[in-house]
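Please load the structure in the viewer and keep the selection tool at hand.

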Amino acid sequence: MAATRTWDIFCSVIDNYGDIGVSWRLARSLAREQGAQVRLWVDDLAAFQRIRPDIRPGHAQQSCDGVTVCAWRPDMPAVYPADVVIEAFGCALPEAYVANMAARSPPPVWINLEYLSAESWVAGHHGLPSPHPRLPLTKYFFFPGYTEQTGGLLRERDLLARRAHFVRHDTAAYWQSLGVPPPVAGEWRISLFAYENPALVELLEVWCAGAEPVTLLVPEGRILPQLAAWFGQPGLHAGDSARRGMLEVRVLPFASQDEYDHLLWACDLNFVRGEDSCVRAQWAARPLVWQAYPQAEAAHHDKLDALLAIYTAGLEPLAARAVQGTWQRWNGVPGAPEVAACWAGWRARRGELARHAVAWQAGLATQPGLVETLTEFVENKLSEAVRARNRGSV
Ligand code: TRH
């Protein structure tokens, strides 16, 4: 039987919920599925509480789903480093902690968990070592990704089974729990999780004047002021709804991570943003529109194009154009077609796009998940380190 490993995962919350969203998923899966002893160090427990409401922001240490969650403060006490140390998204470990890592023999396996991208350069950088300039330590870059040459995607072992069960048995009860009537024939149920977006008005106009009813479900967040302005209202809050033409908007409370999955599973189409919700929408096996996290010099457009290229590869031209055009317009790509033209494609190819999302999810599911690739990578490095130490002591 494999030894129980200890892991320290460090997460600094820069902005939004993606950093803690990914770090928490990783920590929980390692504990649940690999029997690992995980400490998760987080510098903003209030942000964590948004996606996991039972987290208590004032506590220095607490246990959650078998993970020890620690407040990462500047005055962090000296601790003995774990077997494996994850620096999420280059968050920069405390110097004293790094010094303690170097004092361990063998030293911990040190991983910098990188951001997800479908760009082709990722495969060439995945797993590369970076020796520490002064200390006998090596950090490895670990890239999530969409191919077997990368670290794969986060996916809990039981995720697809839970989704299938929900879709088959629980969707009606879910709508009821939200106080939303069951969908009528032809209706679109669409979720919207987005940053501020100039293309929103166009989209709302199209849906408002459309042929089918659209119910837009919006978790509380940054897009609400724009939405409220379009309805001519001073503000919109959880529990509010508004209607114009064929469009009805319902504002939902920001849910826990697990409940948000239910929304993605229940909708016909999901607008998602950043990284983690984008991956969850793909596991939801529903069509998606992705808003990439905006970066300087429009670097996110490369990320967008890379995912679009692989996602639309198997689609027939009208369906592919609908997806490409909408994603590009939604991300402010110069020259992208207007939303109205794209939406006509979504309507005409609704069935094909729905089937494609199912096939896409099934294709991704044939690849090993990130937790498996990461633990295998770590075990290899730990064995190498032990061999190197033994050679040195002969
Ligand atoms: O919040 P984000 O915009 O995070 C971003 C990106 O990850 C980006 O790469 C990063 O650099 C930047 O933050 C700092 O989008 P993302 O990645 O989808 O994360 C949102 C998390 O919030 C995800 O784990 C799902 C979760 N969530 C809920 O738990 N409940 C909800 O109701 C919603 C809408 C989301």
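Select the lining of the second largest cavity: six nonpolar, two polar and two charged residues, where Asp, Glu, Lys and Arg count as charged, Ala, Val, Leu, Ile, Met, Phe, Trp, Tyr, Cys and Pro as nonpolar, and the others, Gly among them, as polar. Among them are Tyr146, Trp290 and Lys303. A cavity is a set of points on a 1 Å grid over the protein atoms alone where a 1.4 Å probe fits but cannot get out, and lining residues have an atom within 4 Å of a point. The volume here is about 60 Å³, meaning the space filled by probe spheres set on the points.

The model is predicted: local features need pLDDT of at least 70, side-chain atom pairs count only at pLDDT 80 or more, and totals for chains, interfaces and linings use all residues. Residues are numbered from 1 along each chain as its sequence is written, and side-chain values use heavy atoms, without hydrogens and water.

Next, select the lining of the largest cavity, including Val22, Phe89 and Asp276. This cavity holds about 130 Å³ of space, and its lining has nine nonpolar, no polar and three charged residues.

Finally, select the ligand and its shell of 22 residues, of which Tyr195, Ala255, Arg273, Asp276 and Ser277 come nearest; a shell residue has a heavy atom within 4 Å. A polar side-chain atom of Tyr195 is 2.5 Å from a ligand oxygen, while a backbone N or O atom of Ala255 lies 2.7 Å from a ligand nitrogen.

Definitions and conventions. A polar contact is a pair of N or O atoms within 3.5 Å; within protein, one must be able to donate a hydrogen and the other to accept it, and residues adjacent in sequence count only if both atoms are side-chain atoms. On a 1 Å grid over the protein atoms alone, a cavity is a set of points where a 1.4 Å probe fits but cannot get out, and a pocket is an open set with protein on both sides within 12 Å along at least five of seven lines; lining residues have an atom within 4 Å of a point.
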